[in-house]
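Me: I have a structure open and would like to talk through a few of its features. Could you go over it with me?

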Amino acid sequence: MQTLRIAAVAAMLGFVALAPALAQEMEYPHQNWSFEGPFGTYDRASAQRGFQIYKEVCSNCHSMKQVYYRNLEGIGLSPDAVKAIAASVDVPTIGDDGQPAERKGLPSDHFKAPYPNDKAARAAQNGALPPDQSVIIKAREGGADYIYSLLLGYEAPPADVKMGDGMNYNKWFTGHQIAMAAPLTEGRVEYADGTKATLEQEARDVTTFLAFVANPEMEERKRMGVRVVLFLAFMTCVTYAVKRQIWSDVHH
Amino acid sequence: MVGLHKSEFQNPVINWIDTRLPLFTMMTKEYGVFPTPKNFNYFWNFGALAMINLMIMIATGIFLAMNYNASTAGAFDSVERIVRDVNYGWLLRYVHMNGASMFFIVVYIHMFRGMYYGSYKKPRELLWMIGVVILLLMMATAFMGYVLPWGQMSYWGATVITNLFSAIPVVGEYIVTLLWGGFSVDNPTLNRFFSLHYLMPFVITGVVFLHVVALHITGSNNPLGIEPKSEQDTLPFHPYYTIKDSVGMCVYLLVFAVLVFFVPDYLGHSDNYIQANPLVTPTHIVPEWYFLPFYAILRSVPSKLGGVLMMFGAIAVLFVLPWLDTSPVRSAKFRPIYRQLMYVFVVDVVVLGYVGGKPPSGMNVVIGQVCTAYYFLHFLVILPILGKMEKPLPLPESISNPVLTMGGGPLPGAALAKPMEKI
């Protein structure tokens, strides 16, 4: 009897705990991220280096269309720095004469996409569409661990694997054949803050930045969450005490 | 009966209103002094919690709708915009999104309570059936709500589920076209789903009202499953159960808050953060976790029509549950065999949920079929027969004197009196 009840409860809890993992087929090696856990925050320096990688490497092919330049203040860049970054981009507009024109970017502009549309992207990318990176961390099983693994997962294909035209072997990609060539290499960027640009460092930094753009509200959310949970825990105790008091005159 | 109500309220303003529209008298009668069995355990919190959850969903949903763009071109981006740019939009969205999961957790526990303690038995059959209607409406609402963010799972989930109706002979195809507003899931589909998703919660509210009215006619069941006999057996709803429900509400909000603030995407599927694309099918199309047991039943039948019938049958069987269970004893406390089978049933449903989330191949199919068979066996064979065969334990004389008439059997009173409660 007791065993059955425990089994039922355990099965239920196990189901809730494992539900998200049910469809997951691969286990990606877990990394320690600054943004993990109930008190996690984004490592500002790492995220800024990650932005540098996005700007110099990823953004040549990948759009990030949900993100505004002003969002960069969230990784610790000053408003002036953000203004300068935005101004370095020309965005299409309609001129006073009604003809297509270009103007300097503003912090209120979305990140400029590398291609005007998906077709243009495919045409330039051997038929493959580089996915938008705004929420890529949330859009992949395994999240940050997956992206990090993928960036480090390029290998020479095993002898028995026949690679498609222009495809690259990646041990973490579904089917192992990915259209994106290894984007990061040792020393691919020269960090402004003097950090040594190892492959692992680059992958870690850009993943941190991608995590930030996917969840820019995370720090505020967790801060509020800690306060809400503490308040509710307190209220639970108070309410329970009042309940005991009110029920103290009830007998069998 | 025409005429002014004789109000007993002293406050002149309240008295003036109450004389003409006796709302205050009604509230006092139904929620103030309403006689409620004094032996509820915390399982009896979940009806109130479901009510709170419904209100949370409506409140957050109204504000989300102010910022949502129901078009295939704009839906996905507008949801991202809500999270990123609308003031506390992330809070609204994560509360609404996880609120759906919380709603099903609460309602499933509420239903388990009803089944375990036989709350559906005479005279509460209609109360139970209205509850099943609410469940159906909830499922429809949740399904259409999941389509609105217009991610990959939204789109493909909608495609799979709406296509089920094509299994209906003769009119099937016509119904699907009507649901879609065209010849595939597209902009018209999204628009009508948004419209219906906004409408349904108010329909649910109406049916919940009927559920509560029916409840207040029969009165609540209780863990002993015997009717209160005297005033000794009941307590006024306020303050005893308002405060007890408040304790449950705090714990419920605590769980809810942990989901919303720390793991808002935990129960969701990552594919729904990819914008819907009719040209790319996800590797596995899976519904939200709360539909997985029914999804498993659907897939365990090789024929499409058969699967659809079984899936809807899994809910339909609940409608007639009051007549399938032939035992005159309500509470599982006094039904030693039923009590164990109740846990077996829970395990069965959980395993169905597990299988529903897995790709339908190999052992998963077999396990799904066995569990589906058991699901129906439980309702259609075991319950009718068990009610006639099982020898129930002796029932207590009344709620206040659970021990008095005890013969040799185990003391239900001992199991009832938890150390935490002074009942």
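**Helix packing and the chain contact**

Reply: Gladly, and since this is a predicted model, I will start with a pair of helices: H5(B) and H6(B) count as roughly antiparallel, because their angle is over 145 degrees.

Me: What is the angle between H5(B) and H6(B), and how far apart are their axes?

Reply: The two helices, H5(B) and H6 (residues 125-147) of chain B, pack at about 160°, and their axes are 12 Å apart. The crossing of H5(B) past H6(B) is left-handed.

Me: Which residues make that contact?

Reply: From H5(B) come B:Phe103, B:Phe104, B:Val107, B:Tyr108, B:Met111, B:Gly114 and B:Met115, while H6(B) supplies B:Trp128, B:Leu135, B:Met138, B:Met139 and B:Ala142. By class, the residues in this contact of H5(B) with H6(B) are 11 nonpolar and one polar, with no charged ones.

Me: What about the loop between H5 and H6 of chain B, which proline lies there?

Reply: That loop holds B:Pro123, and the peptide bond joining B:Lys122 to B:Pro123 is cis, with omega at about 10°. Another cis peptide bond runs from B:His238 to B:Pro239, where omega is near 5°, and B:Pro239 is found in helix H10 (residues 237-262) of chain B.

Me: Back to H5(B): how does it cross H14(B), right-handed or left-handed?

Reply: That crossing of H5(B) and H14(B) is right-handed. The axes of H5 (residues 89-116) and H14 (residues 336-356), both of chain B, come within 11 Å and cross at roughly 155°, and the two helices are therefore roughly antiparallel to each other. On the H5(B) side, B:Phe112, B:Met115 and B:Tyr116 meet residues of H14(B), including B:Tyr338, B:Arg339 and B:Met342. The residues of this contact of H5(B) with H14(B) divide into eight nonpolar and one charged, with no polar ones.

Me: Switching topic, how much area do chain B and chain A bury between them?

Reply: They bury about 5,300 Å² between them, with 67% of that on carbon and sulfur atoms. The contact draws 60 residues from chain B and 56 residues from chain A.

Me: How many salt bridges does the rule find across that interface of chain B and chain A?

Reply: It finds two across the interface. A salt bridge links B:Asp265 with A:Lys138, and the closest N and O atoms of this pair are 3.7 Å apart.

Me: And what is phi of A:Asn126?

Reply: Phi of A:Asn126 is near 60°, which is a positive value in a residue other than glycine. A:Asn126 is placed in the loop between helix H4 (118-124) and helix H5 (143-152) of chain A.

Methods: Residues numbered from 1 in each chain as written. Chains lettered and ligands numbered in written order. Predicted model: local features only at pLDDT ≥ 70, side-chain atom pairs only at ≥ 80, totals over all residues. Heavy atoms only, no water. Axes fitted to C-alpha atoms, helices over the stretch in contact; angles between N-to-C directions. Helix = DSSP H or I, 4+ residues; strand = E, 2+ residues; numbered from the N terminus. Parallel < 35°, antiparallel > 145°, perpendicular 65-115°, else oblique. Left-handed = near helix turned anticlockwise from the far one by under 90°. Contact = heavy atoms within 4.5 Å. Nonpolar A, V, L, I, M, F, W, Y, C, P; charged D, E, K, R; others polar. Buried area = accessible area lost by both parts, 1.4 Å probe. Salt bridge = Lys/Arg side-chain N within 4 Å of Asp/Glu carboxyl O.
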